[in-house]
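This briefing covers selected features of one protein model.

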Amino acid sequence: MNKFDGYSFTVFDNDPEGQANPYISGNNIEALEEDADGNIVIFYKKNPLFFDIFNPLTYENTRVDLAPGKGINGLVRSFHVDNRGRIYVAALSQKSMGIFEYRKGVFVNVLRVRANYINPSAEIKFLSAANDLFWVNYAEKGLMVFDAKGEMVRHFSLGDYECIDPLPENVVKNYILYEDGSGRIWATLVGRPGIFVYNPAMQFFEWAEGLSSDQVYAYLWEDQAGNLLMASATLFRAYPVIKEMHCITRTGDILDYSPLIVPNQLITGAAATDFTKTIFLGLDTGFEIVQSQQNLVKSYLAADLSASQRGTVIRGITEDLKNKKVYFAREVENWYEIDLASELLDTMPLIDEFTGEKIEFSCGLDVELDQSGNLWGITCYKSTLGQLHKIDPNTRKAKTYRFDYIFNAFFIDRTGLIWLTCDLAEKKGMLVSFDPQTEKFVNFTDKEGKNILENATPRYITQSKNGHLWIGTENGLFEIDIHKRVSRVYKRGKEDDNRFSGLNTIYVIHESIDGKIWYGTKSGLSILDPQTGRITTFSKKNGLAGNTVCGIIPDEKGNYWIATFSGLSYFNPTNKSFRNFYQSDGLTHDEFNRFSFHRDQNGRYYFGTVNGLNVFRADDLLVERDAGPVILTKITKFNSKLDSILVYQSNLYNLKELVVAPSDSYFTIHFALPVRGSAKKNQYKVWLEGLDNNWTYLGNVPFIRYNSLPAGRYRLLIKGADANGNWSNQMLSLPIVVSQVYYKTWWFITASILLLCLLVRGLFQYKLDQQLQVERLRTKLSSDLHDEVSGLLAGIAMQSDMLFNQTTEEESKHKLKTISEVSRKAMSKMSDVIWSIDSRKDRLSDLVDRMREHADEILTPLDIGYTITLSKLDTAQKLPANIRQDLYFIFKEAVNNVAKHASATQVTVNMGNEGTTFFLSIKDNGKPKTVQVPVDSQGVALQTYKNRARTF
């Protein structure tokens, strides 16, 4: 089984190896039907043991086995899905024939017919009609009708068919037995011509009105609109060879579709939304999409050709407004006349007015009508000489003027002078004028006598409103002032830049009402503003049917018909949109010709192709319709982590949003419109909200790829248009979520911050615990030193004092006094050490108290007064032990020096902050003693102060 989206096929078979899609139960498929839930029911040829129910949205496949024990009595002989999507099977047992309905996994017997003899191999055709009657035909009994209770309502014989005489057997054998959407029963008889429709009032089968009664009909198909397609055959075999094909529309019209039949091609099936528009044909060689309804395009000299073939090549077209005639030329042989009143075509061979012989010509290009009603045209003689023909439309006689070079364009100006361009081969081009009065050719040169087109091969010539000639060449656009004999060249790119050669090869020129020059190139449609020199170009990437533009015609609305080598476009300059039309829309070919375009006085358009002439009104082609909704067909992702492409094709209809993983380097979204004709000419545009600022036109490309999108939420909007430029009323909206790489997600960042906080907290707690341990150690040391060492030193001092009072020996007293003094000094030093390491004395206020204690101890006995002043200090602030110790020892050393060496009566201590600077100032009002302190001692004291200050 194959799924077709207009671009490619997705295959489902029974091979589970190497297949991404779910596999079905078999390959030899007989029929596909649709059940009430929209599933595809797959029946297999010569295999009554099972069938499949396949979900086309999710790709889920359910195999339904018909083995004994599933509720079916007998051998299954045939299947049927009625108009309401109910699934039935017919089975034969030894004494009866039964019909069973499949209901949610089980089979329910809905009809049983008992019979005296049953051939297990007998063929059965049956259907469940809308009125709940069962029509059953099998070889041994013929055609019978049963009600829901199993009672026979009618048993048909051959005499119940119009114009069919009964036979001795009188057993009806139907080749076709079908109920259409309107409830009509259609039937054909094996080996008998004609197709019959049942008349319920007469209980009789009548000839189908309007269809041949001598044709043997082999196929009957119905579309979703209720139209019927019937095919007759000349030879019956596995696939009958179709001879004729007719469509009975839902309004009763009968259309002959026999021209759709290709010789030696076997049609095996047909389906459509509407047979009057697009038909999908199953062939013995494949699959084909054909357009059954042609638009109201009238054609002349066209043959039934494929897009790759060529027929009658049409060139120039002109009109006689007075006589209401349109003339056009073929590339060879003849010119033609169309009478606008009767729309009849008349051949105009070129007959020489002197010899009466037909004029030989080839490479015919263009025709023009002068103000006197004479018809002029250019051809060539034996591909070597140029020919200018003058024809009197009344007498049909022609006069020919030959020139040394081949003409490749011409134009009749307002004065009647004829301007022609020539191809000089190696010398490129030349501009020539021809005066019908003097019948002479004159080479045109600039004011310096030079050939203006010496380096440019001309392709088209016309005249603007200001009288200037405009010539399109293969080397730019030339503007020539024929009076001043000067020229100007407009071209794209530099002289030798081949990238712009297509834009500088010009095939057609048109001046718009606002004075802008429209011209067609090999690279699109260009619009020149002569005032500014600015050139705007539209090409196939903007929606144009083809890049080679060969014809431009404005309409009354300010829009333009643009003929190309690849189709016909209708351009709206206001919104810059294109609507395109092709051979599938009723045109004779997709390749249009230069000089071959015209709009007549009645508003009809004429476009010549390589296969005849097309004539139509704008409304014949500009039919507004909804192109249908865009659907997703496939999504692919390249996962760099897995180094593989992941393909998603199932359940895309229910896709709520597309999630793109950080490891998906790129992803591609494929989409399509409902298949109608050539899907490759459908157009698309997308807008990725969150990234793009506007729509991006994709042209005919049915997919979009995104690489390494930043993480975030987006919404992809997709609109589609059919080949004619009819855009869908609804747009596909697909939310896209690009997941962030894990280390940039909020939860990862949050978790990382929390983890960092925990680490910082742990580190802080660790340091705090360490500080507490140090403080506990300091407190313990200070307590131990105070209790042990200080107590020991105090005991030594007391013992020394007691012994000093008890002894009378002077030498011993002196020693005991020394021991007592040393012990007290050691106690003082020890007191300072204990104070410095005691963690309970870490505040600034403790330092100040200690300083006061020392000052009282040293200075007060000497009648030296002191003041301690604090500035901008927080006395509750804790100080590190080393800083507190060094500050105290500096203060202590200074106070001791004042007591020892200064004859002072007052000491001033200032301590505080000035900005970011801490200061400690100790001053006294004393004078130095006359006894000099050794310089080395002074240096040691100052150095001690400096060393302690550096530790801050």
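A disulfide links cysteine 363 and cysteine 380, with an S to S distance of 1.5 Å. Cysteine 363 belongs to strand S32 (residues 362–369) and cysteine 380 to strand S33 (residues 375–381), so the bond ties together parts that are 17 residues apart in sequence. The model is predicted, and the count of disulfides in it comes to one.

**Cysteines**

- A disulfide is a covalent bond between the sulfur atoms of two cysteines.
- Cysteine 380 has a relative accessible area of 0% and is buried, because buried means under 20%.
- Its disulfide partner, cysteine 363, has a relative accessibility of 26% and counts as partly exposed.
- Cysteine 163 counts as exposed at 62% relative accessibility, because the exposed class covers values over 50%.
- Cysteine 757 reaches 44% relative accessibility and therefore counts as partly exposed, since that class lies between the 20% and 50% limits.

**Four-stranded sheet**

- Four strands form an open sheet in the order S48-S49-S50-S51, and their pairing is antiparallel.
- Strand S48 (549–554) and strand S51 (577–581) are the edge strands, each pairing on one side only.
- On average, neighbouring strands of this sheet are turned by 25° against each other, direction ignored.
- Five bridges connect S48 with strand S49 (residues 560–564), in the antiparallel sense.
- Isoleucine 553 has tryptophan 561 of S49 standing opposite.

**Cavity**

- The count of cavities of 30 Å³ or more comes to one.
- The volume of the largest cavity is about 30 Å³.
- Its lining is made up of Tyr300, Ile338, Glu343, Arg604, Tyr606 and Val615.
- By class, the lining of the largest cavity holds four nonpolar residues, two charged residues and no polar ones.
- Glu343 and Arg604, both in the lining, fall in the charged class, because Glu and Arg count as charged.

Key:
Residues are numbered from 1 along each chain as its sequence is written. This is a predicted model: local features need pLDDT of at least 70, side-chain atom pairs count only at pLDDT 80 or more; totals for chains, interfaces and linings use all residues. Side-chain values use heavy atoms; hydrogens and water are left out. Two strands pair if DSSP finds at least two bridges between them. Helices (H or I, at least four residues) and strands (E, at least two) are DSSP runs, numbered from the N terminus. Axes are lines fitted to C-alpha atoms, for helices over the stretch in contact, and angles run from 0 to 180 degrees between N-to-C directions. On a 1 Å grid over the protein atoms alone, a cavity is a set of points where a 1.4 Å probe fits but cannot get out, and a pocket is an open set with protein on both sides within 12 Å along at least five of seven lines; lining residues have an atom within 4 Å of a point. Grid points are joined across faces, edges and corners, and a volume is the space filled by probe spheres set on the points. A disulfide is a pair of cysteine sulfur atoms within 2.5 Å. Buried means under 20% relative accessible area, exposed over 50%, partly exposed in between (1.4 Å probe, protein chains only).
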